[in-house]
Amino acid sequence: MTTKIFWLARSGLGIGMATAALCLAILPLRHSSAAAAAGLHPGPMSRTDAFARAETLTALGRKIFFDPSLSASGLQACASCHDPSHAFGPASAEPVEMGGEHMDRPGLRAVPTLRYLQAVPSFTEHYYDSEDEGDESVDNGPTGGLTWDGRVDHGADQAKLPLLSPFEMGNKDAAEVAAKLRKAPYAGDIEAAFGATVFDNPQEAFDAAVEALGTFEQSGPDFYPYSSRYDAFLAGKATLTAQELSGRQLFEDPAKGNCSSCHLSEPANDGEPPQFSDFGFLGLAAPRNMAIPANADPDYHDLGLCGPQRTDFAGRSDYCGLFRTPTLRNVALKKSFFHNGYFHSLRDVVSFYATRDSDPGRWYPKNSDGTVRKYDELPQAYWDNLNQDPPFGRKPGDAPALTDPEIDDIVAFLGTLTDADLQPEASGH
């Protein structure tokens, strides 16, 4: 599938439109050149019709994405938290965003970027990938899914979450969203794309909207342009500074940063650009963020894969504290980091990796007796789930995995991952 997508993209259709069209055209082709008035499940289509439908749904999804009238408050659109000028992530440095009917309900987790989600595989507990390792027997464990806890696999399903979340867009159910869609200025576009009777069934209208949103989020120019200076460097069309090259070496060195063990930095064997994530789940023990209101309750713990937002693994203690590895593309634009938004500096994030275990007192609070309350977000029963691969796994008092100049070099390298359209000169900042 990936090779076909890139072939279509090189034909001038764009990776995003190629992806969407192939997804729509995966059913057997027919020879008619005119798309039938569709409905949610239009059936077999010619390639021409599939591409035309992808274009239609992308344009419709874009309108829905920027429409605040779909929220209970009338003030919050998808774009409010997923700002295009910030790689479809939050523009603010707050650890969580506010939402709900009166915009006074705090979220529970930091808002992730929507860029480059097209490469994330569906969630699986047992992931085998021999493409680079050459060993099909290696079980990489839980992998994939589009959220911090991997609980949804498709863009349309992901789009449902904020629309119906009580602390996001705050709609009670699909019918409430459908009623707002019926009043929207693009209601006619929904009928044109999904049939004149689409609003007769509120669930069908809701499903139409999230399908359009999911298709929009497959738009290559918007969501996966692969236009960073590092992409140009890999293509032989740009150079990196001496500091950036040093940072890349440290990023990939197993004895130093070891970052690329999870944040893959080399093109895949099929030529696909590096995603800067292996999409696996790790326990990193980011410090507990008391700026998140839910954390005022000492009995509340966000345990990622084992809950509380994901419920199907509630009894799996070996999954507690694990969160999906995000892409590092456009990471230099972020203003808060990790699932709980604890850190607000990319340099602090790299420093935390380098010294979490060798200098825990730098990051974690102290108990009344002066001892460090390390890993304070994660109950001790789950500490065995924490990643101990380098640069972690050192003992208190050991030399840090990275020196300050080396940390600066890695941060400089990460700055090369910002897409061209988000560079200051492109945005006019």
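Q: Which residue forms a salt bridge with Arg115?

A: A salt bridge is a side-chain nitrogen of Lys or Arg within 4 Å of a carboxyl oxygen of Asp or Glu. In this predicted model, Arg115 pairs with Asp421, and their closest N and O atoms are 2.7 Å apart. The pair links distant parts of the chain, 306 residues apart: Arg115 belongs to the loop between β2 (105–106) and α5 (130–133), and Asp421 to the loop between α14 (404–414) and α15 (424–427). Helices (H or I, at least four residues) and strands (E, at least two) are DSSP runs, numbered from the N terminus.

Q: What should I know about the numbering and the model?

A: Residues are numbered from 1 along each chain as its sequence is written, and side-chain values use heavy atoms, with hydrogens and water left out. The model is predicted, and local features need pLDDT of at least 70, side-chain atom pairs count only at pLDDT 80 or more, while totals for chains, interfaces and linings use all residues.

Q: Is Arg115 buried or exposed?

A: Buried means under 20% relative accessible area, exposed over 50%, and partly exposed in between (1.4 Å probe, protein chains only). Arg115 has a relative accessible area of 2% and is buried, whereas Asp421, at 35%, is partly exposed. Buried residues make up 49% of the 429 residues in the protein chain.

Q: Which residue meets Arg316 in a salt bridge?

A: The partner of Arg316 is Glu125, at 2.9 Å from N to O. Arg316 lies in the loop between β3 (281–282) and β4 (323–324) and Glu125 in the loop between β2 and α5, so this bridge ties together parts 191 residues apart in sequence. Arg316 is partly exposed at 30%, and Glu125 is partly exposed at 24%.

Q: How many residues line the second largest pocket?

A: On a 1 Å grid over the protein atoms alone, a pocket is an open set of points where a 1.4 Å probe fits, with protein on both sides within 12 Å along at least five of seven lines; lining residues have an atom within 4 Å of a point. The second largest pocket holds about 550 Å³ of space. It is lined by 31 residues, of which Pro112, Gln158, Leu161, Pro162 and Glu168 are the closest to its centre. The elements giving two or more residues to this lining are α4 (78–81) and α6 (155–164), and α6 supplies the largest share, 4 residues.

Q: Which residues of helix α8 are buried?

A: In helix α8 (residues 187–194), the buried residues are Ala187, Ile190, Ala193 and Phe194. Seen down the axis of α8, these fall within an arc of 125° (taken from the directions from the helix axis to the C-beta atoms), so they line one face of the helix. The buried residues of α8 pack against α3 (47–65), α7 (174–183) and α9 (202–216), where contact means heavy atoms within 4.5 Å. Just after α8, Gly195 takes a positive phi of about 105°.

Key
Grid points are joined across faces, edges and corners, and a volume is the space filled by probe spheres set on the points.
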